[in-house]
Structures are given as C-alpha cells and as structure tokens.
Amino acid sequence: MKCEHCGGLVTWEKQKGHWYGHCNNHGDSKKCPGKTYIRQEKVEEQLVGILDKIAPKTPEMMDWIKDVILDDHKVKVTEREKQMSYLNQMLAQVRRRKDKVYEDKVDDQITPQFYKRKFEEYSQEEKNLEDALLKLNDQTDEYQQLGVAIHELAHNGLVIYQKADPDEKRLLMSQFFTNLIQDGHKIKPEYTLAAEYLANWMPKLNENYEPPKMASLKEKTPESSDVVSFGSGGWIRTSDPVITFCLKFP
Ligand SMILES: [Zn+2]
C-alpha cells in the first residue's frame, strides 16, 4: 500500500488496540502534506466494498457466466479440430509429394536442379504446416478456465475473505489488486488485469441482470462472436465481455 501524495509505503503501527496505517516517515513522506492515519478496519471495510462491487451477485448469474464461457469454448474447440484435421491432410499431401519427387530423382525422371528446387519448396511448406499445427496444439483451455475461475473467486470472494487468516487475505487480495493507494481516508485500488475487467463490467451486469430476459437472448445467439452485452438502454447484442475477457486474460 502506498501514499497517493508522496508515494511512500504505508507502514502500520498499533495505538490503543488498533492498527493505523500512514506513509512511512522516510524521505519525502516525512513532510508529506497528505499524511493521514487510517485505521485498519477502515481499509478492510473499503476492500470488502470493492470486492462486493466486482463480484457476480447471485449463483444464477454465476451459472450464466459459466455457460457463456463454456459455450464459447465449445465453439472454439470444434473450430480448432477442423483446422487441425485440415492441416494434417495438407501435411500428409506435401510429404507424399516430397517422396514422389525423390523417387523421380532416383529414377532419373527429373534433373538434380529441379529436384533441389522442389525439395526446398516442399520442405518449406512442410515446416510451415508443422509450425501451424504446433501453434494450434499450444492453444490450451487455460483462458477459459481462468475466465471461470476469476468470476468464481470474485463471486465467493467476500465469504472467503471473512474466513481467511491474514496471509490468506493477502493472497486473495493479490488476485485482485496489484497495489492499494491511500488518499487520506480513502483507498484507491490498482486492479490486476482480471479485476480491472471485473470492475468495468460487473457493476453494470449486476445492475442489469434479469434471468428470463437473458436466457431468451442467449438462445437467440448461437454465434460465439455475437453474444449478449449491455447498453445504456438495456441488453443489446454486440460483443461478449466474458469472451473478450477470456481473450485478454491474463
Ligand atoms: Zn504521504
């Protein structure tokens, strides 16, 4: 945690049974104009408020988010399998051609120069296809799993937080915040990429979520690239933030 005004680290000291944080009394922070003593409970209160704001509110909403992520994933897996089978066919073909041109050379059907040119051409093609296959194989389910995981973590964040010991709290907080800035009695979070995303769309989703309406919208939107989102006037079909999130994260 850092001070907004001097950038000094916030240190903690105990007074009358309470912990108070303030910038650290070194260098510039010694004469920091914004130096404020903030009670630990006040910090926690605000963090809990932030967690609450970025969490999917209800189990139904959490289920819906999961569905959207998993549906999108299914589409991606099918696409990937199609691409893979196509690349494998092309690879088999170019390898057959390579063999054939080698036989032609052995049988003196073609000149060494022609063989060399063809061999290089096919080898390059083979390598490109192998690279493309490797790349496809590298696409794991990680983003999709992280997408679900971070929503679930946010969804259960408050319950976890309330039961956690200080180390666990720190760990939980590190999933959502890269840093906390103290500005007087106010705590400003610096979000991790995942939490930044949650902070942007969860409040809107929490406000606009209507299960029946969304269920019908979902049925009408089989294309993964064109799922539900929200506009000022309610739900509209544009791009899907969950999926955007999956692509952007981490
Ligand atoms: Zn300061």
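Modeller: Helix axes here are lines fitted to C-alpha atoms over the stretch in contact, and the angle runs from 0 to 180 degrees between N-to-C directions. The model is predicted.

Biologist: At what angle do α1 and α4 pack, and how far apart are their axes?

Modeller: The angle is about 155°. The axes of α1 and α4 lie 7 Å apart.

Biologist: What makes α1 roughly antiparallel to α4?

Modeller: Angles over 145 degrees count as roughly antiparallel. The α1/α4 pair packs at about 155°. Therefore α1 is roughly antiparallel to α4. The crossing of α1 past α4 is left-handed.

Biologist: Which residues of α1 and α4 meet?

Modeller: From α1 come Val-48, Leu-51, Asp-52 and Ile-54. Facing them in α4 are Ala-154, Gly-157, Leu-158 and Tyr-161.

Biologist: Which residues have the most contacts inside the largest nonpolar core?

Modeller: They are Leu-47, Ile-54, Ala-195 and Leu-198. That core has 19 residues. At least two residues each come from α1 (40-54), α4 (142-163), α5 (166-176) and α6 (193-208). The largest share, 6 residues, belongs to α6.

Biologist: What does Leu-198 contact, leaving aside neighbours within four places in sequence?

Modeller: Leu-198 is in contact with Ile-54, Ile-150 and Ala-154.

Biologist: Why is Trp-12 called partly exposed?

Modeller: Buried needs 20 or more other C-beta atoms within 10 Å, and exposed needs 12 or fewer. Trp-12 has 13, so it is partly exposed. Trp-12 sits in strand β2 (residues 10-15).

Biologist: What does Trp-12 touch, not counting residues up to four places away in sequence?

Modeller: Trp-12 touches Trp-19, Tyr-20 and Gly-21. Trp-12 and Arg-39 are 27 residues apart in sequence, and their C-alpha atoms are 9.2 Å apart in space.

Biologist: How far apart are Asn-137 and Met-84, in sequence and in space?

Modeller: In sequence, 53 residues separate Asn-137 from Met-84. In space, C-alpha to C-alpha, they are 8.6 Å apart.

How values were computed
Residues numbered from 1 in each chain as written. Predicted model: local features only at pLDDT ≥ 70, side-chain atom pairs only at ≥ 80, totals over all residues. Core = buried A, V, L, I, M, F, W, Y, C linked by C-beta atoms within 7 Å. Helix = DSSP H or I, 4+ residues; strand = E, 2+ residues; numbered from the N terminus. Contact = placed C-beta atoms within 7 Å. Parallel < 35°, antiparallel > 145°, perpendicular 65-115°, else oblique. Left-handed = near helix turned anticlockwise from the far one by under 90°.
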